[in-house]
Structure formats: C-alpha cells, structure tokens
Amino acid sequence: MALSRAEWLVRELAHQERADALIADHRARSQRGEKHPVWDFLFTYYSYKPAQLRRWHPGAGVELEDAPERSGWRWYSPGASTNGVVPDAAAFAAGKSDLAGLIERMLRRTASRPGQFGCFGLHEWAMVYQADELRHPVPLRLGQAGTDAVVENHDLRCTHFDAFRFFTPEAVPRNRAALTREDQPLFEQPGCLHAGMDLYKWATKLGPLIPGELLLDTFELARDIRLLDMEAAPYDLSPWGVTPVPIETAEGKAEYVRRQRGFADRGAALRTALLEAWLGTPVSAA
C-alpha cells in the first residue's frame with residue numbers, strides 16, 4: 001500500500017489536531033507548573049512526550065510517497081518510488097529482536113486467555129497497606145486503619161507485575177501469586193486494567209510500525225482506564241473532581257467490574273489491531 005504525499009499530509013494533519021486536543025489540558029497544566037495525581041501518570045510512567053504523541057506514522061509496510069524529509073527517520077527504509085519511505089517491521093525485528101519478541105509474546109498470550117474480573121482494583125490499596133509513607137501526597141479516603149482493613153478482608157489477585165512490584169512488603173505475601181518480571185507473559189490477562197493501559201506502551205515502543213490513528217486509540221483507552229484506576233483507589237481525590245468507586249462495597253465492586261469488562265472488550269479489539277498493523281497477522285496466528 002502506498003499513500004501519495006497529498007494523502008498522507010491530510011492524515012498527518014488530522015492526527016496532529018486530534019493529538020493536540022488530547023494533550024491540551026496537560027500542556028496547560030505544565031505551563032502553570034501544576035501537578036495532577038491522575039493524568040500526569042500518562043506522561044511520566046509511559047514517558048512518551050506530547051511531541052512524540054502528535055507525530056504521525058502510517059504503520060508497517062505503508063509507503064509514503066515523496067517523503068524525503070523522513071528518509072533518515074528510525075525504522076524507515078526506502079520505498080519503491082522516488083523519495084518514498086516505508087516503516088520497516090523487518091528492520092525493527094533485526095535491530096530490536098528482544099523487544100519485538102517480548103511485545104509479540106505479551107500481545108498474543110494475553111489475547112489467548114480469558115479475562116479475570118475479581119481483583120476489584122485492590123492493587124492500589126496493596127501499595128499503601130500498612131505504609132509509613134504514601135505513594136501520592138493525598139489523604140486516604142478511609143484512613144490508614146480503614147484502608148488496611150479492606151486489604152485484610154479481601155483476596156489479592158493481582159496478575160500484573162508492574163503493579164505488584166509496588167506492593168508494600170506486608171502486602172506481597174497476601175497476593176495469590178508471587179509475580180516476577182520474567183514470568184510476566186505467563187500471568188498477563190485481558191481483564192487487567194494495566195494490561196489494557198499497556199497497549200499504549202507497546203504501541204509507543206513499536207513507533208512508526210503503528211499507524212498514528214491506532215496509537216491515539218490506545219492512548220484514549222489508557223486515559224479512560226486510568227480514571228477508573230484512580231476512582232477505585234484508596235485516595236481522597238475529591239479536590240480534583242474525582243468521584244470514588246467504593247470497591248469496599250458491593251455496589252462499588254459491581255460498577256468496577258462492569259466498566260472493567262468494557263475496557264477488556266476495547267482492549268481486545270486494539271490488541272488485534274496492533275498485531276495486524278505491525279505483523280499483518282491475526283491474534284490467533286502462532
């Protein structure tokens with residue numbers, strides 16, 4: 001597939017306008033020197049700068065005709081036309097073989113498993129269980145004793161290593177599984193909020209192999225999941241207009257699971273789209 005310069009410039013501009021709308025509030029806060037306990041995470045934990053987010057790429061194997069300005073861009077190779085360039089999945093696989101292998105394993109194995117929906121977002125609670133110092137400088141909604149009691153009265157079922165690694169030492173043995181980085185592809189499952197958010201991470205690491213439109217789709221999913229993650233957290237975020245989802249109650253659990261299932265469905269579609277855009281193969285392929 002090839003895009004004429006006129007065609008890809010239109011798509012590039014549309015992408016930039018969409019990205020600008022998505023990052024406008026973050027940029028305004030940054031200019032004012034304001035921190036936000038919910039939304040800053042999208043730009044610190046994932047460490048993808050707004051300028052990178054607004055850079056459009058066509059995706060693997062899609063040639064941009066008459067694009068000499070991109071001839072030196074990483075993971076672009078010469079195309080079939082004069083001054084044409086194309087994001088090169090084979091070059092990426094050769095240059096980043098370990099990363100490419102990890103991303104493919106994470107996407108395919110996660111997609112192959114049924115979603116689990118019994119964690120109720122308790123990972124954030126486990127991160128402050130019996131803690132002397134909180135991860136975020138905001139008060140706990142139920143206080144320390146109340147927060148600890150919620151953890152003690154529930155079964156911790158976290159499957160995501162990058163949440164588990166922030167558990168307090170006292171919370172670690174309460175989790176059903178002792179997770180490690182090496183075992184991450186064995187435990188990741190599509191019901192996990194962080195597995196859904198990490199689709200954005202994998203898209204950023206694949207860079208030009210992922211169409212810009214799909215990159216922004218993964219960012220929007222990460223943004224929406226992040227809100228529920230913090231609504232269900234033990235923190236009092238009312239000064240930022242965050243209404244809690246009280247997962248310590250039956251009603252809160254039901255709301256959490258309902259929205260969690262919706263995110264899992266969105267994540268499944270995006271997981272398939274990432275694999276097809278990058279490798280041209282469906283999720284079920286070996």
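Colleague: Which residues line the largest cavity?

Modeller: The lining is made up of P190, G191, C192, L193, G196, I225, Q260, F263, A264, G267, A268 and R271. A cavity is a set of points on a 1 Å grid where a 1.4 Å probe fits but cannot get out, and lining residues have an atom within 4 Å of a point.

Colleague: What sort of model is it?

Modeller: It is a predicted model, with local features needing pLDDT of at least 70 and side-chain atom pairs pLDDT 80 or more, while totals for chains, interfaces and linings use all residues. Residues are numbered from 1 along each chain, and side-chain values use heavy atoms, without hydrogens or water.

Colleague: What volume does the largest cavity have?

Modeller: About 60 Å³, counted as the space filled by probe spheres set on the points. The structure has 3 cavities of 30 Å³ or more.

Colleague: Which helices supply at least two residues each to that lining?

Modeller: α10 (193-206) and α12 (250-279); helices are DSSP runs of H or I, at least four residues. α12 gives the largest share, 6 residues.

Colleague: Changing topic: where is L22?

Modeller: L22 is in helix α1, residues 5-32.

Colleague: Buried or exposed?

Modeller: L22 counts as buried because its relative accessibility is 18%, and buried means under 20% with a 1.4 Å probe.

Colleague: What does L22 touch beyond four places in sequence?

Modeller: L22 is in contact (heavy atoms within 4.5 Å) with L216, F219, E220 and R223. L216 is 194 residues from L22 in sequence, yet their C-alpha atoms are 8.7 Å apart.

Technical notes. Buried < 20%, exposed > 50% of the residue type's maximum accessible area, 1.4 Å probe, protein only. 1 Å grid on protein atoms, 1.4 Å probe; cavity = no way out; pocket = protein on both sides within 12 Å on 5 of 7 lines; lining within 4 Å.
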